[in-house]
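Here are my notes on the fold, as numbered points. Please read them beside the coordinates.

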Amino acid sequence: MSGLTRRFGGVTAVDDLSFAISPGEKLAVIGPNGAGKSTLLKLIAGQDKPTRGSIELRGQGRTDGKPAHVLARSGIALARQVPKPLGSLTVEANIRVGLTAGASRRSGSAGERLDDILEQTGLHTKRSRLASQLPLLDLKRLEVARALSSDPVLLLLDEVSAGLTEGELDDAIALIARIHERGTSLMIVEHVQKVVHSLADRVLVLNWGSLIAEGTPAEVTADEEVGRIYLGSGRQAPTEGLSVRERGEHAPREGARLELAGVSAHRAGITALDGASIVIEPGEIVTVLGANGAGKTSLTQAISGLLPASAGSIRWNGEDITAVPAHRRARLGIAHCQEGRKLFPGLTVAENLELGAFGTDRAERRRRLETVYEIFPVVRDRRRQIATTMSGGQQQMVAIGRALMSAPRLLLCDEVTLGLSPRVADEIYEALGRIAATATSMLLVEQDTERSLSVSAHAYVLSRGAVVYDGAPSGLSKSVLHQAYLGL
């Protein structure tokens, strides 16, 4: 890879990236949410084209810009995080689909190669089973088996351990190690640090698409800069006008209480939440921390009703809302400002805001608009502008304002400062302080641990969907955070 860059509009996902993978190497790529890891794999696999820069494969020349099926025949295969087999076909038939792509590199017949892959991946006893009937671990095995069917010289693995239990994780690590023993080069994108430490010879650390560290697993996890990008800048949030006290230090406020008890949820067959229990007292700011893939976004979606709970209960103001749909939860006072802003393109700022108060009369909408404009004066000034033409920080203000238009008693904020400059992030937190002063409860999911902890009454840390810390922000040690984020 030489000067590899990929831009999406004004967002640079991969930024002037240069590195090489040696034959037989086990290379891991890590980094926080939004670092560009999955985009990098798609560029190498031909599922996306670089804005500039080049990719070369030994013996094949430049491969950038070539379609995915050509690269599969050249010896590059991608196993994705979420398996997508042909569900109506058997395990054997799914693997057969790719066998012709590797014919030029294979000795022996296609049938012999098929039997070898089934044996290697532990699917030989399930070769006649429909892919749609497989449990998660076998679906992961099948995803890898399909990638192996083209006899790759380079196997790209995109978080193939996501959602696996501890025992299943050991099985997945053993499978990947066996594949490498046969001479296949590996490029592993992972957030589960056990996989990285068990398998990788060398690790690249990305942040905002740029390479910021390189070394052995031990070297990069001990690197101070790596710790900083995972845990945040260490910058305290502005707290002027905001009374920041930990849970139990003040009398409970009037208002609604949220309680999750043993909540589990699944996404595409993968366990996203695993028996999570959290409480948000009336008027509290609570922060939820954890590495990419820990289940933070899934937690907010389970609370707002976008992701159904498969076990446990969710109570709001004493009422069981576990089975209540998202639109009714919004009317009960739970607002969700999702990661990525999700503004309506083509609509003005005012039109985006008013959709947050859908169903209310004109007088009430105007009253709520005035409240938003007081919190975000720049939004008032830009109210007639198309929302998606504003700067990233201004778009985030509109997204928060739209959530406030429902007059919530609980505001769920998922990565509302992600990608923003420290100055703009301070402006967002100043606004959150003004919102908190109205006795609105808040749940903050943030990349910057120090910033969010500095305004919170209580903290939770998630790891692989489970709560591993439940307590005061002052009691949350760096060792707990390093364990959750970097596996130390």
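At what angle do the axes of helix α15 and helix α16 cross? Point 2 has the answer.

1. **Basis.** This is a predicted model: local features need pLDDT of at least 70, side-chain atom pairs count only at pLDDT 80 or more, and totals for chains, interfaces and linings use all residues. Residues are numbered from 1 along each chain as its sequence is written, and side-chain values use heavy atoms, with hydrogens and water left out. Helices (H or I, at least four residues) and strands (E, at least two) are DSSP runs, numbered from the N terminus.

2. **Helix pair.** The axes of α15 (residues 392-404) and α16 (residues 422-436) cross at roughly 15° and come within 10 Å. Therefore α15 is roughly parallel to α16 (angles under 35 degrees count as roughly parallel). Axes are lines fitted to C-alpha atoms, for helices over the stretch in contact; angles run from 0 to 180 degrees between N-to-C directions.

3. **Helix contact.** On α15, the contact is made by Gly393, Gln396, Met397, Ile400 and Leu404. On α16, Val424, Glu427, Ile428 and Ile435 make the contact. Contact means heavy atoms within 4.5 Å. By class, there are 6 nonpolar, 2 polar and 1 charged residues (Ala, Val, Leu, Ile, Met, Phe, Trp, Tyr, Cys and Pro count as nonpolar; Asp, Glu, Lys and Arg as charged; the others, Gly among them, as polar).

4. **Three-strand sheet.** An open, antiparallel sheet of 3 strands runs β2-β1-β4. Strands pair if DSSP finds at least two bridges between them. The edge strands, β2 (11-17) and β4 (52-54), each pair on one side only. Strand β1 (residues 2-8) is joined to β4 by 2 bridges, and Thr5 stands opposite Arg52.

5. **Four-strand sheet.** A further open sheet has 4 strands in the order β13-β12-β15-β16, with antiparallel pairing. Its edges are β13 (270-280) and β16 (319-320). Helix α10 (residues 296-304) packs on this sheet and touches β12, β13 and β15. The direction of α10 makes about 65° with that of β13.

6. **Strand β10.** In β10 (residues 202-207), 6 of its 6 residues are buried (under 20% relative accessible area, 1.4 Å probe, protein chains only). Arg202, Leu204 and Leu206 lie on one side, and Val203, Val205 and Asn207 on the other. Strand β3 (residues 26-30) runs parallel to β10, with 4 bridges. Strand β11 (residues 210-215) runs antiparallel to β10, with 5 bridges. β10 and β11 form a hairpin with 2 residues between them, and Trp208 in the turn has a positive phi of about 55°.

Note on methods
Parallel < 35°, antiparallel > 145°, perpendicular 65-115°, else oblique. Buried < 20%, exposed > 50% of the residue type's maximum accessible area, 1.4 Å probe, protein only.
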